[in-house]
Amino acid sequence: MHEKTITFDRYGVMGYPISHSRSPVIHRLFALQTGQNIQYELLQVSADKLETAVRQFQRTGGKGLNVTVPHKRAVAKLADHISERARTAGAVNTLSFIEGEIHGDNTDGIGLLRDLVVNLGLNLDGANILILGAGGATSGIVGPLLEMEPAMIRIANRTLDRAEEIVSRFKHLGPVSACHFNAVPVSTPYDLVINATSAGVKGEAPPYPAAAINETTFCYDLSYGLTPTPFSVWAREHGAAKSVMGWGMLVEQAAESFHIWRHVMPDTAPVLKQMSISA
Ligand code: ATR
């Protein structure tokens, strides 16, 4: 009798630093749930080694990679094919290696939308949205948010030029405007305030605009932690209707990557729960 050998397809996440990443746990839970034979590695790669590391992973039989901070922009240049949503975002977080070619996609925007709309039940149609920060994270979410037809998206940033640059790239898709972090217009209340700055992660506490928040405002931090992030604490203290960290977006973007690679959509709810995360 022959023993059946199980082969595992290789995936991983590349970033710098990467040790804090929860992606291996999430993908292992997805694999268990769907019966997929995959292994998922944590790959710490600095910017100067990115191309070599991606090509080596591909050459040695790897099937796909997640790419995270700080490589999402740079890795787009290595892709032979790039999806429309990754092109619009100007960033790639998912690579697939198919018949010797590299396909780049971006699942961050859809991940955020699934969490906001499906998991948290928000209606973004006609919503007044404020995004704090104008870095890579903001570039990834403005396009998908505009597709939900909000009344307005304002991007507030400490460096006004960066917010204006994002607005110039997205304004043909819908109503979006830029302002300085300390000069957020508050004549109309915000339904949703998203923190897309890296301030909390760096242990900094910028002057978040308190006047933008009232008891109807939903606050969402793209950052997440085992204890509440500085922004989510601040939002609660300033009377927001709800203050949520980005665990749901993390799990949803991972599910979309898993679907791209394995053509199976995992059920995200038990994974969010299993990670002891309250969304
Ligand atoms: P990411 O790719 O995670 O978005 P990034 O491109 O470095 O990272 O962008 C970080 C964002 O957080 C920027 O909008 C940055 O503001 P600046 O463009 O003015 O640098 C914002 N940010 C970081 N620390 C901040 C702080 N202490 N106060 C206000 N904004 C901050």
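A polar contact is a pair of N or O atoms within 3.5 Å; within protein, one atom must be able to donate a hydrogen and the other to accept it, and residues adjacent in sequence count only if both atoms are side-chain atoms.

## Basis of the model

The model is predicted: local features need pLDDT of at least 70, side-chain atom pairs count only at pLDDT 80 or more, and totals for chains, interfaces and linings use all residues. Residues are numbered from 1 along each chain as its sequence is written, and side-chain values use heavy atoms, with hydrogens and water left out.

## Ligand site

A polar side-chain atom of Glu-204 lies 2.7 Å from a nitrogen atom of the ligand. Backbone atoms also take part: a backbone N or O atom of Gly-136 is 3.0 Å from a ligand oxygen atom, and a polar backbone atom of Ser-198 lies 3.0 Å from an oxygen atom of the ligand. Taken alone, the ligand exposes 650 Å², of which the protein buries 78% (Shrake-Rupley areas with a 1.4 Å probe).

The ligand is surrounded by 15 residues, the closest being Ala-134, Asn-157, Thr-159, Arg-162 and Glu-204; a residue is near the ligand if one of its heavy atoms lies within 4 Å of it. This shell divides into 4 nonpolar, 7 polar and 4 charged residues (Ala, Val, Leu, Ile, Met, Phe, Trp, Tyr, Cys and Pro count as nonpolar, Asp, Glu, Lys and Arg as charged, and the others, Gly among them, as polar).

## Nonpolar cores

A nonpolar core is a set of buried Ala, Val, Leu, Ile, Met, Phe, Trp, Tyr and Cys residues joined through side-chain atoms within 4.5 Å. The largest has 29 residues, and those with the most contacts inside it include Leu-112, Leu-145, Ile-194 and Tyr-220. Among the elements that each supply at least two residues of this core are helix H4 (108–119), helix H5 (136–147) and strand E10 (192–195) (DSSP runs numbered from the N terminus, with at least four residues for helices, H or I, and at least two for strands, E). A second, separate core of 20 residues includes Met-245, Trp-247, Leu-250 and Trp-261.

## Two loop residues

His-71 lies in the loop between strand E3 (64–67) and strand E4 (81–82). His-71 counts as buried because its relative accessibility is 1% (buried is under 20% relative accessible area, exposed over 50%, partly exposed in between; 1.4 Å probe, protein chains only).

Gly-126, in the loop between H4 and E7, counts as partly exposed because its relative accessibility is 43%. Leaving aside neighbours within four places in sequence, Gly-126 is in contact with Glu-149, Pro-150, Ala-151 and Asp-191 (heavy atoms within 4.5 Å).
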